[in-house]
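Q: I am new to this structure. Please show me how to read its features.

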Amino acid sequence: YSSVSGSSASAAIVAGAAALLAQARPDLDASALKGLLAGSARALPRESVAAQGAGLLDLGAARANETAALPTTLSFGRATQREGWHVTRRLVLRNLSSRRLRIEIATDRRDRGGARGLVFAFAPSRIRIPAGGITTVYVAVRTIAPLDKPVEGQFTIRPEGSTAIHVPWLITVQPRRDELISALRISTR
C-alpha cells in the first residue's frame, strides 16, 4: 500500500474484522468489540507504541478472549524532568464471559533503560469481576528518577484460565527550558 491508501486500507481491514467479530459474538456492544480487537492485537517488537497503536489484528484471539479494557491505550501525558512527578489514569475492565474472572495486571516496559525510573501501582490490585461485570482500576505512575525521553510499554491483563490482553501506554517528557542568557548585571556605564 502507498502511504496515502495505507491508512484507508487499514481502516477497511479493521472495519471488516469488527464486522466478523460482531457476527461471531452478536451479544457484544461496540465498545466491547473495540476492546477485544485492540486488546488482542499482537505488538510489533521493533515499533514504538505511537507508530503501531495496538499492533497487528488477531481476530482469532479477539473472538476467544473474555476481557476487554477501555480505553484501549493509556497516555499518562507529559512528565516533568524531575523526580516525583505522578499521575493517575482510569482503566475500565469488562468481563465478557459467563464465568467469574480473577485478573492480574502487570507492566511490560518496551523502552530499553528509560523506564527504570518509573513505579506503577494498581488500585485495586486484586481484581475479581463477576460474569458480565465491569470494574474500574486506577493506574498510578510516579517517577523515581528524572525522565529525559519518552517511555512506553504495555499493561498485560491476565484473566486466570484465559488469554491475556494488552493495553499500550506512553509517557512523553516536557521539553527542557534552558536559559538562553546567563546571569546579567546592568551597570550605569
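Q: Let us begin with R94. Is R94 buried or exposed?
A: Buried means under 20% relative accessible area, exposed means over 50%, and partly exposed lies in between (1.4 Å probe, protein chains only). R94 has a relative accessible area of 17%, so R94 is buried. This is a predicted model: local features need pLDDT of at least 70, side-chain atom pairs count only at pLDDT 80 or more, and totals for chains, interfaces and linings use all residues. Residues are numbered from 1 along each chain as its sequence is written, and side-chain values use heavy atoms, with hydrogens and water left out.

Q: Which residue forms a salt bridge with R94?
A: Side chains of opposite charge can pair when their charged atoms come close. A salt bridge needs a side-chain nitrogen of Lys or Arg within 4 Å of a carboxyl oxygen of Asp or Glu. Here the partner of R94 is D29, with the closest N and O atoms 2.9 Å apart. R94 lies in strand β3 (residues 86–95) and D29 in the loop between α1 and α2, so the pair ties together parts 65 residues apart in sequence. Helices (H or I, at least four residues) and strands (E, at least two) are DSSP runs, numbered from the N terminus. D29 is partly exposed, at 36%.

Q: How many salt bridges are there by this rule?
A: The count is five. One of them joins R99 to E66, with the closest N and O atoms 2.8 Å apart. R99 sits in the loop between β3 and β4 (101–109), and E66 in the loop between α4 (59–64) and β1 (67–70). They are 33 residues apart. E66 is buried at 14% relative accessibility, whereas R99 is partly exposed at 32%.

Q: Where do R158 and E104 lie?
A: R158 is in strand β8 (residues 151–159) and E104 in strand β4, 54 residues apart. Their side chains meet in a salt bridge at 3.8 Å, N to O. R158 is partly exposed at 40%. E104 is partly exposed too, at 47%.

Q: What lines the largest pocket?
A: A pocket is an open set of points on a 1 Å grid where a 1.4 Å probe fits, with protein on both sides within 12 Å along at least five of seven lines; lining residues have an atom within 4 Å of a point. In this model, 17 residues line the largest pocket, and V14, Q52, G55, L56 and L57 lie nearest its centre. The elements giving two or more residues to this lining are α1 (3–24), α2 (30–40) and α3 (49–52).
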